[in-house]
Amino acid sequence: MRQALHIFKKDARHLWIEIAVTLLVVAAFTFTSARRAFWMADPVVNRNVAGMLLTFLLPLAWWILIARLVHAETLPGDRQFWTTRPYAWKSLLAAKALFVAAFVNLPLLAAHIAILLAYGFNPLAEIPGLLWSQVLITAVLVLPIAALSALTTGFVQLLITGSVLCLALVAWNIGMPSAGLDAGWRALEWIRSYYEIAVLALAALAILVWQYARRRTAAARWLAVAAVVLMALDVLIPWTAAFALQSRLSKQPIDPASLRIDFDSAKQWAARALIEKGDRVWIEIPITIAGIPAGMSPRYDGAIMAIEASDGSTWPADQQPWSHVTTRDQVLWLQATVDGGFYRKVKDQPVKLRGAMYLTLYGNLRVTEVPFSAPPMAVPGRGLCTATPGAGRKSYYLICSSVFLDPEGPATYSPFPADLALDPVNSHRTYIAAFYYPFAAFTAATVGTTEPLAHLRRDFEIGGLRLGDFEVRQRVP
Amino acid sequence: MSDILRTVDLSKRFRQNVALDRMNMDVPEGSIYGLVGPNGAGKTTTIKLLMNLYEPTAGRAEVFGHDSRRLSPRDFAQIGYVSENQEMPEWMTVEYFMTYLKPFYPSWDDARAAELLRQFDLPPGRKLRHLSHGMRRKAALASSLAYRPRLIVLDEPFTGLDALVRDELIEGVLGNAEGATILISSHDLAEIESFASHIGYLDRGRLQFSEEMASLTERFREIELTIAAPSPLPAPWPAAWVNAEQSAAVVRFVDTQFQQDRTMAEIRRLFGEVREIAVNPMPLRAIFVTLAKAGRKAA
C-alpha cells in the first residue's frame with residue numbers, strides 16, 4: 001500500500017494540470033445541472049446548452065486524464081524505465097485505481113450529491129442510485145479507456161485505436177437496424193445493454209489485470225478484439241430468453257394460467273386479412289385477455305404465434321415478437337404477415353392460432369395531488385413534482401424530477417436503481433392545455449403512478465377461425 | 001563463484017527471424033561480463049530476455065537463480081539496469097527522479113546518491129527532458145547505482161556518447177560497483193577490453209564463445225609467416241586458423257586456439273621451411289573483427 005500511495009502522489013504531482021481541468025469541468029457541470037433545479041418553475045426557457053456541452057466535455061476530460069495516467073507507466077514496449085524497477089504490479093494497479101477514485105469517481109459523487117441537494121432530494125435516501133451510477137460510469141466511461149490506454153504506447157496510438165473503434169461502432173449501428181434484429185426491445189433493452197456493459201467492463205478489467213501483471217500486450221489485444229466481437233453478438237440474444245429472465249425478476253408472483261386469451265368475437269368486425277402488394281397478406285385478429293387481477297393493467301410486450309390449418313399447413317411467425325401484438329383504438333390485436341400462397345391454401349378452412357403472449361402487469365396505483373404553485377412535493381415513482389399554471393391560466397405544466405430514472409414512468413423494466421447518465425436528475429414536463437375548459441379553476445394536478453409488478457408468458461390457442469371471412473382488399477388506414 | 005546470470009538453450013524468435021538461438025551463457029558472481037558482437041547479433045535481445053522485457057521462445061534465463069519470467073520486485077531491487085534507448089520520466093527533475101526512486105529500494109544510500117550526482121555533475125533542479133543525451137544516461141546510471149545493486153546490467157551504455165562522458169560513466173560504474181556483478185553489452189570493444197573480466201561473443205544470435213578475458217587474449221594470435229618460396233596455401237587448412245591471406249611469400253592468419261608449441265609444430269608440418277614467424281597478441285577489437293569476418297565468410 002505504501003508503494004501504491006507513493007506512485008499515486010507522483011501521478012497527482014505529474015498530472016496536476018489535467019486534474020485541475022477535470023475538476024473545473026466537474027464544477028461547471030455541477031453548477032449548470034444544479035442551476036436547472038431553480039428553473040423547475042420556469043418551464044418555457046431552455047437554458048441547458050451549457051449542460052449539454054458539459055456532458056461531452058466531462059467524459060473527454062476524464063478520458064484524457066485516465067489515458068495520461070496509464071501512459072505515465074506505459075505498459076506495452078520494452079524501453080520504459082519503470083519495467084526494470086522494483087514496481088509491484090498490484091501496487092501500480094492500486095495506485096492507478098486510487099487515482100481514478102480520487103479524481104474521477106469522488107468528484108462526480110460529490111457533484112451528484114450537490115445536484116440532488118439543489119433539487120431538494122435527500123442524498124441519503126438515494127445511496128443505492130448514487131453508488132450504482134458510479135458503477136455504471138466506471139464500467140462504461142472509465143474501464144474501457146483505461147484498458148485501451150494499457151494496450152497502447154501513447155496518446156497518438158490511443159487516438160487512432162479509439163477512432164477506429166468509434167468508426168466500427170458507427171458502421172455497426174448503421175448496419176444493424178436494416179438487419180431488423182435490434183428494434184422493438186423497448187423496456188427489455190436494459191438486458192442487452194447490461195450484457196454489453198458486463199462484457200465491456202469484464203474484458204476491460206481482465207485486460208488491465210493481465211497487462212499490469214504480465215505485460216503481454218499481444219495476448220491482451222486479442223482479448224480486446226474478442227470482447228468487441230462478444231459485444232456485437234448481443235444481437236443474437238433471443239428476445240424470448242430476455243423476457244424469461246425478466247419474468248424471474250417479477251416483483252409479484254402471478255400464475256399465468258389465471259389469464260385466458262380468446263378471439264374477441266365482439267370485435268369480429270375488426271379482424272382482417274388484407275391482401276397486400278407482393279403477394280403478401282396482412283392478418284390482424286382481435287383478441288381479449290381475461291383474468292387480469294383487479295387493480296392491474298396489462299402492457300403487451302410481444303407475442304409469438306403460428307397459424308395452423310386443418311390440413312397440417314403451418315405459417316410460423318418470424319422472430320420479432322414485439323411486431324405480432326399491438327393495441328389500437330382499445331382493441332388488442334395479434335398480427336402477422338403471411339405468404340400469399342399459404343393464405344390462398346388455408347383461407348377457406350378452419351385455422352388455429354397457436355402461440356404465446358408476453359405481457360407485463362402494472363399495479364400498485366398511487367394517486368398524489370400536486371397543488372399549483374406549491375413547492376416541489378414527492379410523488380411516488382416520479383420524484384419531486386411541481387405544478388405551474390401558464391400565462392393567463394390557459395395552460396398548466398406538471399414538472400417532475402426523478403433521481404437516476406426516467407420520471408415519465410418506467411420506460412424500462414430494469415431492476416437497477418440507476419441508468420447510465422452523468423446527470424443524476426431527469427426532469428420531465430407535462431403540458432396540460434386548459435383551452436377546452438376556459439371556465440374551470442384548476443387548483444391541483446392529480447398524478448397517478450403504477451409500477452410493473454409481473455412479467456408473464458401466457459400460451460394460447462385460438463381455433464375455429466377462417467381467414468377468408470376476414471379478407472379485405474384495401475388496407476384500412 | 002556461483003552464477004548470477006544463466007541462460008539455458010535460450011532462444012528468441014520474432015516471427016520468422018531468429019534473434020537468439022539456443023544460447024548457453026553463465027555469468028559468475030563478481031565478474032564484469034562483456035557481451036560483445038556486431039549490431040544485430042542479439043545482445044540487446046539477450047539482456048531484454050534476462051530482464052523479463054521479452055518472453056523466451058524456448059529455453060530459459062535465470063537471474064539470481066530465479067526464472068527471469070518470474071523476477072519479483074525484490075529481485076529488481078538488487079538490479080541496476082541502464083540501456084541505450086531507455087525512456088525516462090522526462091517531466092521529473094533529476095532530484096525528484098532520485099527522490100521518487102528512493103522508496104523502491106531498501107538499500108538506497110542517500111550519501112551515495114548525492115555523491116553520484118556530484119560526480120556526474122548532474123544539475124538537481126533540471127528536468128530530465130532538458131538534459132543532454134549523455135547527461136540523461138548519467139542520471140539513469142546514478143539512479144541505478146545509488147542502492148548498491150548486486151547486479152548491474154548495462155545495454156550499450158556508451159553508444160552515442162563522447163569520449164569524455166564515456167570515461168566518466170566507466171569511472172562511475174567501476175567506482176561504485178564494489179562486489180557487484182556487471183553485465184555490459186557493447187559493440188565498441190575498446191572500453192570493454194579495459195575492464196571486462198569475462199567476454200561472450202555473439203554473432204547472428206549464436207554465442208560463439210564465452211570465457212575469461214585472460215584466456216581469450218591468450219588464445220588469439222595474429223601470425224605472419226615468411227615462407228621460402230610462394231606456394232598455394234596447404235590443404236587441409238586448420239579450422240582454428242582463420243582469415244588467412246597470402247601475398248607472395250608472406251602468409252597471414254589468426255590462430256584462434258594459439259598454444260606456442262602446438263602452433264609452431266603445425267606451421268612446420270604444413271609449410272616446412274619457414275624463414276620468419278611473427279606472433280602478435282591481438283587487442284579485443286582485432287579479435288572481434290577477425291571473428292566477425294570469419295563468421296561472414298563461413299555464412
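**Close-up views of a predicted two-chain model**

**View 1. The contact between chain A and chain B.** In this predicted model, 21 residues from chain B and 14 residues from chain A make up the contact. On the side of chain B that touches chain A, the elements that each give two or more residues are helix H2 (73-76), strand E6 (79-83) and helix H3 (94-101) of chain B. The residues on this side of chain B comprise 16 nonpolar, two polar and three charged.

**View 2. The domains of chain A.** Chain A is divided into domain 1 (2-184), domain 2 (256-362 + 456-472) and domain 3 (365-453). Between the C-alpha centres of domain 1 of chain A and domain 2 of chain A there is a separation of 48 Å.

**View 3. The surroundings of A:Ala303.** This residue, A:Ala303, belongs to strand E4 (residues 297-309) of chain A, and A:Ala303 counts as buried because it has 28 C-beta neighbours inside 10 Å. Leaving aside residues up to four places away in sequence, A:Ala303 touches several residues, among them A:Pro321, A:His324, A:Leu334 and A:Tyr358. A:Ile191 is 112 residues from A:Ala303 along the chain, and their C-alpha atoms are separated by 18 Å.

**View 4. The nonpolar cores.** The largest nonpolar core has 77 residues, and those with the most contacts inside it include B:Leu50, B:Phe97 and B:Leu183. At least three residues of this core come from each of domain 1 (3-212) and domain 2 (221-281) of chain B. Apart from residues up to four places away in sequence, B:Leu183 touches B:Leu5, B:Val27, B:Tyr33, B:Leu35 and B:Val153. A second, separate core of 65 residues includes A:Ala95, A:Ile115, A:Ala139 and A:Leu148.

Note on methods. Residues numbered from 1 in each chain as written. Chains lettered and ligands numbered in written order. Predicted model: local features only at pLDDT ≥ 70, side-chain atom pairs only at ≥ 80, totals over all residues. Contact = placed C-beta atoms within 7 Å. Helix = DSSP H or I, 4+ residues; strand = E, 2+ residues; numbered from the N terminus. Nonpolar A, V, L, I, M, F, W, Y, C, P; charged D, E, K, R; others polar. Domains from an automatic or database assignment. Buried ≥ 20, exposed ≤ 12 C-beta atoms within 10 Å, placed from the backbone. Core = buried A, V, L, I, M, F, W, Y, C linked by C-beta atoms within 7 Å.
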